[in-house]
Amino acid sequence: MEAMPRTDWPTYAAASGTHEKVLQLATALLPQGVAGLSACDVPCGSGSFSLRLAATGIQVAAVDIAPADHFVYDPGRRILHDCNLGLPFADASLDLVISIEGIDHMENP
C-alpha cells in the first residue's frame, strides 16, 4: 500500500513566533529603507519566511536542497541547491543571509 502524503503540515516548521522575531531582528539590523536589498533564505522550506521577507521590499532568493510539496513564495525565485557545496551566489552579492532551522543540518556550517 502506497503512503498518502500528509496534508496536516503547518506552512512552516519553526517554533511559533520564530518568523516574527527573525523578521523583526533582520529589519532592525538593516539600514533604513530595506527596499532593493537582497537576501537569501536558506533552507526556505515552503517559502513562508521568504514571502514575509519579500513583503518588506527585500529581493529574496529562496534556496533549499529539495522542493517543498506546498511552496507559498514565488517559484521563480526558488533555487534548488545543496548548500553543503557553498551558496550559489558570488561573494558579497547579498546583503543578508538568513537560516531558520537549517544551519544544524549543514555538514560544515
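Me: Where is Glu-101 placed?

Reply: Glu-101 sits in the segment after S4. This is a predicted model, by the way.

Me: OK, and what's phi of Glu-101 near?

Reply: Phi is near 60° there, a positive value in a residue other than glycine. Ala-92 also has a phi near 60°, again positive and again not a glycine.

Me: Where is Ala-92 found, and is Ala-92 buried or exposed?

Reply: Ala-92 is in the loop between S3 and S4. With a relative accessible area of 84%, Ala-92 counts as exposed, because the cut-off for that is over 50%.

Me: Let me back up. How many helices and strands does the chain have?

Reply: The chain has 2 helices and 4 strands. Reading from the N terminus, the order is α-β-α-β-β-β.

Me: And what about confidence, where is it lowest and where is it highest?

Reply: H1 is lowest, with a mean of 87, while strand S3, residues 78-80, is highest at 96. Over the chain the average pLDDT is 84, and 84% of the residues score at least 70.

Me: Take Leu-96. What is Leu-96 in contact with, leaving aside neighbours within four places in sequence?

Reply: Ala-26, Leu-30, Ser-38, Ala-39 and Cys-40.

Me: What share of the chain counts as buried?

Reply: 29% of the 109 residues. The accessible surface of the chain is about 7200 Å², and 56% of that belongs to carbon and sulfur atoms.

Me: Switching to rings. How many aromatic pairs does the count come to?

Reply: The count is 1. The ring centres of Phe-71 and Tyr-73 are 6.5 Å apart and the planes are at 65°, so this is an edge-to-face pair.

Me: Why does 65° make the pair edge-to-face?

Reply: Because planes over 60 degrees apart count as edge-to-face, and these two are at 65°.

Me: Is Phe-71 buried or exposed, and what about Tyr-73?

Reply: Phe-71 is buried, with a relative accessible area of 16%. Tyr-73 is buried too, at 9%.

Me: What sits over the ring of Phe-71?

Reply: The charged end of Arg-78, 4.2 Å from the ring centre. Arg-78 is in strand S3, and is partly exposed at 24% relative accessible area.

Me: What else is Arg-78 in contact with?

Reply: Leaving aside neighbours within four places in sequence, Arg-78 contacts Ala-62, Pro-67 and Ala-68 along with Phe-71.

Me: And how far is Arg-78 from Gly-45?

Reply: They are 33 residues apart in sequence and 9.9 Å apart in space, C-alpha to C-alpha.

Terms used:
Residues numbered from 1 in each chain as written. Predicted model: local features only at pLDDT ≥ 70, side-chain atom pairs only at ≥ 80, totals over all residues. Heavy atoms only, no water. Contact = heavy atoms within 4.5 Å. pLDDT = per-residue confidence, 0-100. Phe/Tyr/Trp six-rings, centres within 6.5 Å; stacked < 30°, edge-to-face > 60°. Buried < 20%, exposed > 50% of the residue type's maximum accessible area, 1.4 Å probe, protein only. Lys NZ or Arg CZ within 6 Å of the ring centre and 35° of its normal. Areas by Shrake-Rupley, 256 points an atom, 1.4 Å probe, with all protein chains shown as cover.
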